[in-house]
Amino acid sequence: MTVNYRITSIPAILAATTAIPAAAELKYDNNSGGYVELYGQFNPAIVSVDDGEETETRLLDNDLSNSRVGLFLMQPYGSNDFTFRFETGLGLPSTGTANQDGTNTNGWSREDIRHVDFALAGNYGKFSAGQGSMASDGAAEVDLSYVGTALYSFTNDENGAFFYREPDGILSDITVGDSSSNFDGGRRGRIRYDTPKFGGSTNDDGFWAAIAYGENILSSSDDDDYYDIAFNYAETFAGGVRFAASVAYAVRDYDNGPGERKDTIGSASVLLPSGFSFTAAAGTRDDTRDGVSDPSYWYTKLAYETDDWVPWGKTGIGIDYFDGSDFENDGSSTKSWGIAIVQKIESINTDAYLKYRNHDFDDMVDFDKNEAWVLGARWRF
């Protein structure tokens with residue numbers, strides 16, 4: 001086996017994030033109940049990927065929760081709240097673009113913009129317009145576990161652009177990202193409506209629904225129409241048991257030919273007072289274009305968290321499993337499992353994590369396993 005170690009340079013501020021003291025809240029109130037808040041995060045990670053023949057090790061921005069900055073404004077108007085959010089990724093070399101051929105270092109582009117979002121909320125619900133989350137965004141990723149900071153239903157963050165290697169040592173044209181997905185909704189230039197919450201023992205609990213229509217306004221090559229609907233529920237039961245779940249249906253109507261893609265996704269998570277949690281997700285995709293497969297998957301995770309192990313803050317550990325079929329081609333099989341530990345460092349508002357992920361893809365050819373180790377830290381301000 002050939003082993004190549006390469007470290008991609010990233011500005012020193014990323015490497016030093018865990019040495020930065022916790023910043024004061026950058027929130028500025030006005031005289032009428034409104035405020036403006038500046039926020040952001042850095043999430044550097046050392047990622048080592050073994051494709052069965054070679055190992056690539058680099059320092060990158062973790063695409064699981066990329067480095068970003070944002071501004072949030074809230075202003076009450078009578079019984080209504082007007083909000084505006086601007087948020088963008090920083091365009092740093094990312095785990096989402098790294099593979100055996102190198103890493104995209106082109107820097108920031110407009111596709112790094114996450115939110116330019118206006119909203120008006122009241123007892124009637126919430127209307128939103130602009131670049132932001134579709135209704136199905138997060139429907140496959142409901143997760144109450146603390147280890148979800150590093151380990152959740154989307155299993156491709158650390159090595160999604162890496163190509164599988166065939167048994168003869170030749171790189172295929174199939175990437176880890178081609179072989180699995182949780183079909184979770186994304187962000188678009190959209191209009192969206194969220195209903196008020198009904199029931200629920202706290203302000204954060206209850207049942208609510210959302211519906212949205214949007215277009216990919218950040219891409220000049222995507223003129224498709226997107227629309228979706230989601231139903232959500234959360235509750236804190238007697239004894240401190242917490243539960244949350246979401247289901248969604250999303251449609252992508254292709255502009256450049258007949259057909260559409262329809263996703264049905266859902267996830268649920270329960271957190272017990274003991275610290276144990278269980279999370280599950282599942283999804284199916286029906287693509288009506290000729291020659292395109294209809295993949296599906298299921299996902300489970302067992303996790304535990306406690307404040308008692310170390311004095312710095314909460315510790316979370318977990319193990320998960322992903323089982324997918326018909327990704328890339330009909331009859332293909334995808335198996336993936338991972339294990340992670342996440343440690344909160346309260347004094348500097350940082351989540352440090354270590355994760356191992358194993359991908360096994362079989363598509364008439366039994367490709368070499370793709371394995372990844374990730375050591376990182378997410379610092380928020």
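**Figure 1. Cavity count and volume in the predicted model.** A cavity is here a set of points, on a 1 Å grid over the protein atoms alone, where a 1.4 Å probe fits but cannot get out. The largest cavity holds about 40 Å³ of space; grid points are joined across faces, edges and corners, and the volume is the space filled by probe spheres set on the points. Rolling a probe the size of a water molecule over the atoms shows where empty space is left. The model is predicted, with local features requiring pLDDT of at least 70 and side-chain atom pairs pLDDT 80 or more, whereas totals for chains, interfaces and linings use all residues. Residues are numbered from 1 along each chain as its sequence is written, and side-chain values use heavy atoms, without hydrogens and water.

**Figure 2. Lining of the largest cavity.** The lining consists of Val47, Val49, Glu56, Arg58, Leu60, Ala98, Glu158 and Phe162, lining residues being those with an atom within 4 Å of a point. Strand 3 (44–50) and strand 4 (55–61) are the elements that give two or more residues to this lining. Strand 4 contributes the most, with 3 residues. By class, the lining has 5 nonpolar, no polar and 3 charged residues (nonpolar: Ala, Val, Leu, Ile, Met, Phe, Trp, Tyr, Cys and Pro; charged: Asp, Glu, Lys and Arg; polar: the others, Gly among them).

Figure 3. Most residues other than glycine have a negative phi. Asp326 is partly exposed, at 22% relative accessibility, and Glu328 counts as partly exposed at 37% (buried is under 20% relative accessible area, exposed over 50%, partly exposed in between; 1.4 Å probe, protein chains only).

**Figure 4. Context of the close-up views in the whole protein.** The protein has 1 helix and 22 strands, which are DSSP runs numbered from the N terminus (helices H or I, at least four residues; strands E, at least two). The C-alpha trace spans about 70 × 55 × 45 Å along its principal axes. Of the 381 residues, 50% are buried. Among contacts (heavy atoms within 4.5 Å) with a separation of 6 or more, 61% join residues 24 or more positions apart.

Terms used
1 Å grid on protein atoms, 1.4 Å probe; cavity = no way out; pocket = protein on both sides within 12 Å on 5 of 7 lines; lining within 4 Å.
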